[in-house]
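Please examine the protein shown below.

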Amino acid sequence: MVKRHYISEEEVVEIKKVQKGNKDKTIDKWLEVLVLHAAGEKRSEISSKTGFSKQYITDLVSEYKSVGLKEYSAKQYKGNNRNLSFSEEETLLEIFKKQAEKGQVIEVSTIKKAYEEKLGREIKSKGHIYYILDKHGWRKVMPRSKHPNKANNEEIESSKKLTLRQRKPLTR
């Protein structure tokens, strides 16, 4: 016979209290699984209400019993820790900011090389660097483009002064 984890009434009260203060939808669904399990519902019923598989429901209840409510309801995913923090990126870009203020042209490839050296590994695309530059308020400044066969300003002004021919009124 399979061992069913027992959740007491005191634990249910604590779970509901945490559920009220919670703002994360995923953790809210996890806590709902515990409340339904404590109410005596079967895994198939909980699965149809929450959308989780039966095995995942078993894993969630088992994890709750092993680590406790505080660890269970804590957000487990803290973000991407493989790259540099915001302040580290800022110090890296400070060098290029000084060069830009002096009027030098800065290429993304040089920023990418410096970022890779700081990170210690290669980045596959420049898109990541563009994202970092956008995050720190950088923007691409370019001169306005001009067509090579564009008319000079005098011709443009003289063409504006020309009037259109009068159209004949339509007769019925």
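The dialogue below starts with conventions and then turns to particular regions.

Visitor: What kind of model is this, and where does residue numbering start?

Guide: This is a predicted model, in which local features need pLDDT of at least 70 and side-chain atom pairs count only at pLDDT 80 or more, while totals for chains, interfaces and linings use all residues. Side-chain values use heavy atoms, with hydrogens and water left out, and residues are numbered along each chain as its sequence is written, from 1.

Visitor: Which residues of helix α3 are buried, and why do they line one face of the helix?

Guide: Helices are DSSP runs of H or I with at least four residues, numbered from the N terminus; buried means under 20% relative accessible area, exposed over 50% and partly exposed in between, with a 1.4 Å probe and protein chains only. In α3, residues 43-50, the buried residues are I46, S47 and T50. Seen down the axis of α3, these buried residues fall within an arc of 105° (taken from the directions from the helix axis to the C-beta atoms), so they line one face of the helix.

Visitor: Which helices do the buried residues of α3 pack against?

Guide: The face of α3 turned away from its buried side carries the exposed residues S48 and K49. Contact means heavy atoms within 4.5 Å. The buried residues of α3 pack against α2 (25-38) and α4 (54-67).

Visitor: Is H136 buried or exposed, and with which side chain does the side chain of H136 make a polar contact?

Guide: H136 is found in the loop between α8 (127-135) and α9 (153-161), and at 17% relative accessibility it counts as buried. Leaving aside neighbours within four places in sequence, H136 is in contact with F86, E89, E90 and L93. A polar contact is a pair of N or O atoms within 3.5 Å; within protein, one must be able to donate a hydrogen and the other to accept it, and residues adjacent in sequence count only if both atoms are side-chain atoms. At 2.9 Å, the partner of the H136 side chain is the side chain of E89.

Visitor: How much space lies in the largest cavity?

Guide: On a 1 Å grid over the protein atoms alone, a cavity is a set of points where a 1.4 Å probe fits but cannot get out, whereas a pocket is an open set with protein on both sides within 12 Å along at least five of seven lines; lining residues have an atom within 4 Å of a point. Grid points are joined across faces, edges and corners, and a volume is the space filled by probe spheres set on the points. The largest cavity is lined by E89, L92, L93, I111, Y115, I129, I132 and L133. Its space is about 40 Å³.

Visitor: Which element gives the most to the lining of the largest pocket?

Guide: About 490 Å³ of space lies in this pocket. Of its 15 lining residues, I106, V108, R139, K140 and V141 lie nearest its centre. The element that gives the most to the lining, with three residues, is α8.

How values were computed
Helix = DSSP H or I, 4+ residues; strand = E, 2+ residues; numbered from the N terminus.
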